[in-house]
Amino acid sequence: MNTSPILLMAPLYPPTQQELESRWTVRRLFESADADALLDELAADCRVVVTTGGRGIDAAAMARLPKLELVACFGVGVDAIDVDYCKAHGIAVTNTPDVLTEDVADLALALLLATLRRIPAGDRFVREGRWLKGSMPLTQSLQGRKVGIVGLGRIGMAIARRCEAFGTPIGWHGPRAKPDVSWPWFDDVVALGRWADVLVAACPGGAATRGLVSRAVLEALGPDGVFVNIARGSVVDEPAMVELLGNGKLGSAGLDVFDDEPNVPAALLTMENVVLQPHVGSGTHPTRTAMGRLVLDNVAAWMEGKPLVTPLP
Ligand code: NAP
């Protein structure tokens with residue numbers, strides 16, 4: 001049996017971490033008082049790193065582990081992992097695709113409806129007894145509004161399917177047209193922002209998509225426009241978004257992700273036209289259990305010399 005120690009970069013869903021630690025020797029970097037000393041100690045024989053989508057692992061840390069062969073990520077987004085370094089050094093990367101798609105798409109629609117229909121504000125209105133003094137102001141509607149999706153992958157497609165059920169026209173932007181998709185493709189995100197009433201970001205994060213939803217895109221979306229982000233905080237020009245939400249040039253936003261989590265721009269905290277979530281798109285017990293299963297199965301496959309279950313292509 002392979003006795004190579006596993007370096008764990010961040011806490012996992014507790015049942016997953018418990019099983020990982022019961023089956024293999026695991027060293028927790030996140031609890032180490034001296035991370036440098038731990039990396040030195042593991043340099044000779046650490047072949048597996050387990051991390052999360054948020055924590056990832058950078059090239060500098062991987063360079064300290066010259067025997068590294070596998071980075072197993074709890075999450076589908078690998079933007080916090082230096083994948084180029086992994087490719088250059090023959091290190092396999094696994095993630096947790098598909099099992100979280102439906103929950104993340106559900107949250108996108110929940111955020112969209114909560115933002116348009118001001119559901120958190122309505123909840124406060126009832127709890128604070130304001131209903132006893134009069135009616136809540138009317139809200140926007142989803143009906144008759146066009147939804148633009150940035151990134152029509154697994155999650156983007158699941159969002160589009162849900163939008164179809166709500167009867168909204170759909171358009172999308174991605175790096176290339178897809179012949180099997182009948183919804184109109186926009187090769188330019190600003191053009192999609194101009195066409196759409198609601199823009200939902202569902203593309204990967206990382207350098208290639210940083211600021212993709214730019215000031216110009218948000219201005220094109222306009223004063224009645226809604227921006228929903230379940231992708232990564234980095235994909236939007238966050239300072240521009242905050243400014244435009246504050247001065248009314250962008251209508252409203254439903255946000256699950258931020259550029260510097262868990263820090264959220266202070267101005268957003270007092271805005272009535274935003275609905276905020278603490279990055280919980282995949283945060284349900286069944287989905288976290290399924291994600292954990294994939295992490296464990298990938299590590300087990302590597303330990304047993306079998307093909308990885310969900311390697312990055
Ligand atoms: P996926 O199946 O790989 O889909 C990503 C899509 O984005 C693909 O269709 C891809 O285009 C497209 N894309 C790539 N570069 C783009 C660009 N520059 N502009 C527009 N679109 C681009 O991944 P997924 O499973 O749907 O996950 C998508 C992302 O959601 C993850 O990377 C992660 O950041 C985020 N996520 C968030 C949560 C949460 O809790 N909020 C949970 C899970 C995932 P092609 O099809 O042409 O390759």
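The side chains of Asp79 and Arg232 meet in a salt bridge, at 3.0 Å from N to O. The term means a side-chain nitrogen of Lys or Arg within 4 Å of a carboxyl oxygen of Asp or Glu. Between domain 1 and domain 2 the count is one salt bridge.

This is a predicted model, in which local features need pLDDT of at least 70 and side-chain atom pairs count only at pLDDT 80 or more, while totals for chains, interfaces and linings use all residues. Residues are numbered from 1 along each chain as its sequence is written, and side-chain values use heavy atoms, with hydrogens and water left out.

**Domains and their interface**

The protein chain splits into domain 1 (6-99 + 286-303) and domain 2 (101-276). These bounds come from an automatic or database domain assignment. Taken over C-alpha atoms, the two domain centres are 32 Å apart. Eight residues of domain 1 are in contact with six residues of domain 2; contact means heavy atoms within 4.5 Å.

The area buried between the domains is about 570 Å². Carbon and sulfur atoms give 39% of that area. In domain 1, Asp79, Asp98 and Thr287 lose the most area to domain 2, together 64% of what that side buries. Buried area is the accessible area (1.4 Å probe) that two parts lose on being put together, summed over both.

Three residue pairs are in polar contact across this interface, both residues at pLDDT 80 or more. A polar contact is a pair of N or O atoms within 3.5 Å; within protein, one must be able to donate a hydrogen and the other to accept it, and residues adjacent in sequence count only if both atoms are side-chain atoms.

Helices (H or I, at least four residues) and strands (E, at least two) are DSSP runs, numbered from the N terminus. Two strands pair if DSSP finds at least two bridges between them.

Strand S3 (residues 48-52) pairs with strand S4 (residues 70-74) over five parallel bridges. Thr52 has Phe74 in S4 as its bridge partner.

Strand S6 (residues 147-150) and S7 pair in the parallel sense over four bridges. The partner of Val150 in S7 is His173.

**Other salt bridges and backbone details**

The structure holds 19 salt bridges. One of them joins Glu41 to Arg27, with the closest N and O atoms 2.6 Å apart. Glu41 lies in helix H2 (residues 35-42) and Arg27 in strand S2, so the pair ties together parts 14 residues apart in sequence.

A cis peptide bond joins Glu261 and Pro262, with omega about 0 degrees. Pro262 is in the loop between strand S10 (252-255) and S11. Arg118 is not a glycine, yet has a positive phi of about 55 degrees. Arg118 sits in the loop between helix H5 (101-116) and helix H6 (119-127).
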